[in-house]
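Please keep the model open while reading.

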Amino acid sequence: MGVAPGGKAANKVTLDAAAWVFNIVTSVGIIMANKALMATHGFGFATTLPGLHYATTALTTLILKSLGYLEPSYLPLPELMKYVSFANISVVGMNASLMWNSVGFYQISKLSTVPFLCMLEVLFDNARYSRDTKLSIMVVLVGVAVCTVTDVSVNTQGLIAAVVAVCSTAFQQHYIHYLQKKYSLSAFDLLGHTAPAQAVSLLIFGPFVDFRLTNNRLETYECNNVVMFFIALSCVIAVGTNLSQFICIGRFTAVSFQVLGHMKTILVLTLGFILFGKEGLNVHVAFGMLLAIVGMIWYKYASSRPGGKESHGHREPVKEDVERGVGSSQ
């Protein structure tokens with residue numbers, strides 16, 4: 001007996017919501033863990049730490065393969081190297097942008113990832129956006145900017161780092177969607193290919209990059225049991241964060257992932273006010289948060305309507321990652 005169309009639609013909505021909740025929970029969790037690790041315990045090696053994250057993710061996929069939960073899949077080496085290049089440049093670029101720019105300019109540069117991704121979808125996927133979809137994206141960006149951007153100052157090297165970070169991040173996220181669709185890869189399949197390569201490259205070059213950015217050497221850092229606990233916690237949560245990112249971009253698009261992903265910024269701000277006091281909470285911050293939430297709801301409604309967002313480049317995936325669980329589509 002087949003499933004009624006209404007049942008399929010309801011099932012997809014449930015899985016979509018589960019994917020977003022999974023991504024939001026793990027993303028906020030890793031931010032809190034990293035905040036405790038870096039701000040409280042002075043572990044400022046922000047390029048090496050993602051290397052540990054990807055090493056843990058690679059180990060997880062290896063265990064799942066050995067247990068038979070993941071079947072062999074295929075990704076050409078040139079495609080893998082291209083993706084890893086985008087991803088690693090994104091990590092280094094974001095760290096350099098945060099270091100060399102004010103927090104305000106760093107936030108603005110991150111917001112500019114959305115219009116850059118829209119441009120990529122227009123160029124490579126022949127995407128077309130309705131007026132309401134465009135306006136809703138603008139409302140989200142304005143709202144997030146109002147509640148996060150404070151002082152804005154920039155210098156030449158900071159501007160270069162921000163441009164590199166935005167471009168590489170946009171290409172990386174667009175490429176995730178492209179690879180999953182072209183090679184019929186589930187989120188775990190793609191992680192199984194990319195995580196080991198990213199782990200090796202970041203663990204080799206991460207300490208040198210961190211030294212250039214912070215003038216601190218990894219081998220001189222005094223580690224203790226509390227630091228090891230937060231590193232382990234951060235790595236465990238990172239497996240879910242990496243997986244949820246691939247699931248969400250595979251199910252939706254990189255633009256939707258970025259736009260609705262700003263909900264994480266609002267949640268982090270809210271949790272910060274709840275856990276660490278209400279210093280910094282004022283009328284314009286509250287207004288910005290409300291505006292961003294309204295924009296996200298509007299975007300979801302506008303982009304899901306007929307003509308809200310259309311892509312004429314290639315067909316959408318037949319099966320969704322979450323529906324397959326950890327199994328491969330191969």
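Of the contacts in the protein with a separation of 6 or more, 90% are between residues 24 or more positions apart; a contact means heavy atoms within 4.5 Å. This is a predicted model, in which local features need pLDDT of at least 70, side-chain atom pairs count only at pLDDT 80 or more, and totals for chains, interfaces and linings use all residues. Residues are numbered from 1 along each chain as its sequence is written, and side-chain values use heavy atoms, with hydrogens and water left out.

**Overall make-up**

- The protein has 12 helices and 2 strands; these are DSSP runs numbered from the N terminus, with helices being H or I of at least four residues and strands E of at least two.
- Their order along the sequence is α-α-α-α-α-β-α-α-α-α-α-α-β-α.
- Of the 330 residues in the protein, 48% are buried (buried is under 20% relative accessible area, exposed over 50%, partly exposed in between, with a 1.4 Å probe and protein chains only).
- The protein exposes about 16300 Å², and carbon and sulfur atoms supply 69% of that area (Shrake-Rupley method, 1.4 Å probe; for residues, only the protein chains shown count as cover).

**Helix α2 and its surroundings**

- Helix α2 covers residues 48-66, which is 19 residues, and spans 27 Å from its first C-alpha to its last, close to the 27 Å expected at 1.5 Å a residue (the expected span is 1.5 Å times one less than the number of residues).
- Buried residues in α2 include Pro-50, His-53, Tyr-54, Thr-57 and Leu-64.
- Leu-62 also lies in α2, but Leu-62 is exposed at a relative accessible area of 55%.
- A nonpolar surface patch is formed by Leu-59, Leu-62, Ile-63, Leu-67 and Tyr-69, with about 540 Å² of accessible area together.
- Patch residues have over 30% relative accessible area and no salt bridge, and nonpolar side chains (Val, Leu, Ile, Met, Phe, Trp, Tyr) are joined within 5 Å, like charges within 9 Å; a salt bridge is a side-chain nitrogen of Lys or Arg within 4 Å of a carboxyl oxygen of Asp or Glu.

**Positive phi in residues other than glycine**

- Ser-184 has a positive phi of about 50° and is not a glycine.
- Ser-184 sits in the loop between α7 (156-182) and α8 (187-214), and is partly exposed at 33% relative accessible area.
- Asn-215, also not a glycine, has a positive phi near 65°.
- Asn-215 is in the loop between α8 and α9 (225-251), and counts as exposed at 58% relative accessibility.
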